[in-house]
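Biologist: I have just opened this structure and would like a guided tour. Could we go through it together?

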Amino acid sequence: MRVAAERISYLHEREIEKMMNDVHYTFRPDSPDQSELIRNAITAVRRGAISSYRYSQDDGEVLAQLNDRASEFVRFSFEEQTLSCTCGRKGRCVHQLTVVFDLYSQFHSLTEWFQEWRTSEKEQLALKVTDRTPEAWDAVLTRVTAPLRKLTLSTNSSVFTYECAEIENRVKPLMPFEYEWKPLFELFYRLHLVDAAFEYGSSILSSSNSQHSYGTWQITTWLNDQISDIEKLAGTFSNKPKLFETDPFMKRLKELVHSVCIHQTGLFPYRFRIYEAIWGQLFVDRNERDAEKQQLAQDASADARLFAMYFAIIEGRGDVLESALAEEEQPDFGSWMMLAKFALAEALAPTAASIARGLYPSIEGYFSQKKSRSEQLAAAHEIDMLLASGDFSDDEREAVFAMYGKIGIPRYSDFLIERRRYQEWAALLHRYNVPYDSVEQADLKIVLAEQPVAALPLLHDYAQQFIAEKNRLSYRRAVKLFKRMRTACKKSGHTEFWNRYIRTVRDKYRRLRALIEEMERGNLEL
């Protein structure tokens, strides 16, 4: 017969508590799989996954039906303390645990039980952390950050945020009490955390799916925050006196950096920031850096070669950079751009120029890969920075501007104004039909002052466009342009030309009474 869960829990409270104790000691909170099974069962209880109970008092058992995602039946024998489920999973399944938890929650706090169960994990982890060895720290932090390694591209970014918050709560009690050990432990933790989350973060940031737009913002913010913490921690620990006991940890730290920076793929700028933070602040000894360069040279991966360029940059070895670029048929433009930015940040302009010169042949291929306008604008900004750091001829720069197309008009116009090529500047605006409101007024003022003849045809076209709109406001704007043309002609000594021009315009549009009134009011003749 159908019976309410409260009634079943009242009749068999002792048997249910006995089963809960069995679950408590059978499932280990330090096992990611078992911990996840417990959490999923608790979530199912809170969602109301159980639709009904059928209770047999004679047999001392209950049959529960779950309709959460797929209809399953769980049989719970109180006397024999056995559970069975139609899902066919060996051992305890999430459906069996859901039934036990639901019955237990009728008169007990499931949240308190879960917290008590989790406490045993904290005690075990805290005990291991007190064993001051890199292996113990690695074992604990690997276990704590394990949930992030299971996330996939289809996982909502809010789940990622929740897991990160849970991990943060679990790590706080594990911090060493000694002040001199805290920065090192937290540095280990941050590297483990980024390493565990990197595959998920990279998949989200490299996805073009619009549904991940908010997730992209979340992951980007999270990564920047983590790397900022790593940079601060590396600086804090580098300023402290080194203990003899930390030597094994420093050796392991180098391995962790390799795991995050070189063994992971994608998102090179983030990985490079981590690498630079550690090797730029913690490992400054020449012998250590020589050993690192030798290890990178023996690594066959392309990223290892890129990270080796870090040392070439800080040593000012532009020849090494040029040689490395020359050997690559298709260099990773974005990654090398990051190296060029780093060189500029370190005030190593000649080194940045070497990278720029080596990357120049790859610019067109890199830009052609960008399809959306936003991607093209971002790529053009990076390329402009690259060109600014190198010594390139005007022809080489103009080849890049031509490649930009319309989005490069502001850049090309600045380039032409700087070189006083005013006729070409006007021709550029003519060719792409740049609206008057989009023209940089400071540039127009310069051209009118230095070479008005170059600007007159352009202003004439804009005035004709305003007149074609046939409203008084546009007529007034046309008259303002005529006034600017009049001033330019007066300064350049083209008085007769101007009077002939303005009479011709008046005759052409003599039927537009409002325009003629505005022109008369403007007193346009010289």
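What follows is a set of questions and answers, going from the whole protein to single residues.

Biologist: Before we start, what kind of model is this?
Modeller: Residues are numbered from 1 along each chain as its sequence is written, and side-chain values use heavy atoms, with hydrogens and water left out. Local features need pLDDT of at least 70, side-chain atom pairs count only at pLDDT 80 or more, and totals for chains, interfaces and linings use all residues, since this is a predicted model.

Biologist: Thanks! How many helices and strands are there in the protein?
Modeller: Both kinds of element are DSSP runs numbered from the N terminus: a helix is H or I with at least four residues, and a strand is E with at least two. Counted that way, the protein has 27 helices and four strands.

Biologist: Is the protein compact or spread out?
Modeller: Along the principal axes, the C-alpha atoms fill a box of roughly 115 × 70 × 40 Å. The radius of gyration is taken over C-alpha atoms, and the globule rule is 2.2 Å times the number of residues to the power 0.38. For 526 residues that rule gives 24 Å, and the protein's radius of gyration is 36 Å, well over it, so the protein is more spread out than a compact globule.

Biologist: What share of the 526 residues is buried?
Modeller: Buried means under 20% relative accessible area, exposed means over 50%, and partly exposed is in between, with a 1.4 Å probe and protein chains only. Of the 526 residues, the buried share is 47%.

Biologist: Which residues have the most contacts inside the largest nonpolar core?
Modeller: A nonpolar core is a set of buried Ala, Val, Leu, Ile, Met, Phe, Trp, Tyr and Cys residues joined through side-chain atoms within 4.5 Å. The largest one has 132 residues, and those with the most contacts inside it are Tyr275, Trp336, Trp425 and Phe482. Helix H9 (residues 182-205) gives the most to this core, with 13 residues. Apart from it lies another core, of 35 residues, among them Ile16, Phe27, Val45 and Cys93.

Biologist: Which residues are in contact with tyrosine 275?
Modeller: Contact means heavy atoms within 4.5 Å. Leaving aside neighbours within four places in sequence, the partners of tyrosine 275 are Val257, Cys261, Ile262, Gly280, Glu292, Leu296, Phe307, Tyr310 and Phe311.

Biologist: Is histidine 258 buried or exposed?
Modeller: Histidine 258 is found in helix H11 (residues 247-261). Not counting residues up to four places away in sequence, histidine 258 touches His263, Glu292, Gln295 and Leu296. Its relative accessibility is 6%, so histidine 258 counts as buried.

Biologist: Which helices do the buried residues of H17 pack against?
Modeller: In helix H17 (residues 349-359), the buried residues are Thr351, Ala352, Ser354, Ile355, Ala356 and Leu359. They pack against helix H14 (302-314), helix H15 (318-327), helix H16 (333-345), helix H18 (363-368) and helix H19 (373-389).

Biologist: And what covers the buried residues of H21?
Modeller: Helix H21 (residues 409-418) has Ile409, Tyr412, Ser413, Phe415, Leu416 and Ile417 buried. Their cover includes helix H20 (394-404), H22 and helix H23 (441-450).

Biologist: Where is arginine 420, and is it buried or exposed?
Modeller: Arginine 420 sits in the loop between H21 and H22. Although it is not a glycine, arginine 420 has a positive phi of about 55 degrees. Most residues other than glycine have a negative phi. With 59% relative accessibility, arginine 420 counts as exposed.

Biologist: Which residues does arginine 421 touch?
Modeller: Arginine 421 also has its place in the loop between H21 and H22. Arginine 421 is buried, with a relative accessible area of 18%. Not counting residues up to four places away in sequence, arginine 421 touches Asp394, Glu398, Tyr412, Phe415 and Leu416.

Biologist: Last one: is lysine 470 buried or exposed?
Modeller: Lysine 470 lies in the loop between helix H24 (452-468) and helix H25 (472-492). Lysine 470 is not a glycine, yet has a positive phi of about 55 degrees. With a relative accessible area of 59%, lysine 470 is exposed.
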